[in-house]
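Please consult the sequence and model shown below.

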Amino acid sequence: MATKSSNGLVEVYDAAQRCYMPGYLRDIEKNKCLVQFEMANGQPAGGPKWFDWSVVREVPDTVVGAQLVEVSAGLAKESA
């Protein structure tokens, strides 16, 4: 279930495109969430729309101080 995070950022599953679209949670009413989408330039992309909560997920806040690790996919050589 979608809950309002401190940044309000949520993702809505688009079954036609099989991907999640980012938006901002504006309101919750029973089993529906009101989501406002934005264009790349930050302007609102039309009016906010209601979605069933089952297709909305919360985006976690950015983790500060996380360590980035690079893993090499090389093959290990055995010595005889």
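Contact here means heavy atoms within 4.5 Å. The model is predicted, so local features need pLDDT of at least 70 and side-chain atom pairs count only at pLDDT 80 or more, while totals for chains, interfaces and linings use all residues. Residues are numbered from 1 along each chain as its sequence is written, and side-chain values use heavy atoms, with hydrogens and water left out.

## Strand pairing

Strands are DSSP runs (E, at least two residues) numbered from the N terminus, and two of them pair if DSSP finds at least two bridges between them. Strand S1 (residues 9-14) runs antiparallel to strand S2 (residues 19-29), joined by six bridges; Val 12 stands opposite Met 21 in S2. Four residues separate S1 and S2 in a hairpin, and Arg 18 in the turn has a positive phi of about 55 degrees.

S1 also pairs with strand S5 (residues 56-58) in the antiparallel sense, over three bridges. Here Glu 11 stands opposite Arg 57 in S5.

## Nonpolar core

A nonpolar core is a set of buried Ala, Val, Leu, Ile, Met, Phe, Trp, Tyr and Cys residues joined through side-chain atoms within 4.5 Å; buried means under 20% relative accessible area (1.4 Å probe, protein chains only). The largest such core has seven residues: Val 10, Val 12, Leu 25, Cys 33, Val 35, Phe 37 and Val 56. S1 and strand S3 (32-36) are the elements that give two or more residues to this core.

## Gln 36

Gln 36 belongs to strand S3 and is buried, with a relative accessible area of 10%. Beyond four places in sequence, Gln 36 touches Gly 23, Tyr 24, Arg 26, Pro 44, Ala 45, Gly 46, Gly 47 and Pro 48. A polar atom of the Gln 36 side chain lies 3.0 Å from the backbone oxygen of Gly 46.

Technical notes
Buried means under 20% relative accessible area, exposed over 50%, partly exposed in between (1.4 Å probe, protein chains only). A polar contact is a pair of N or O atoms within 3.5 Å; within protein, one must be able to donate a hydrogen and the other to accept it, and residues adjacent in sequence count only if both atoms are side-chain atoms.
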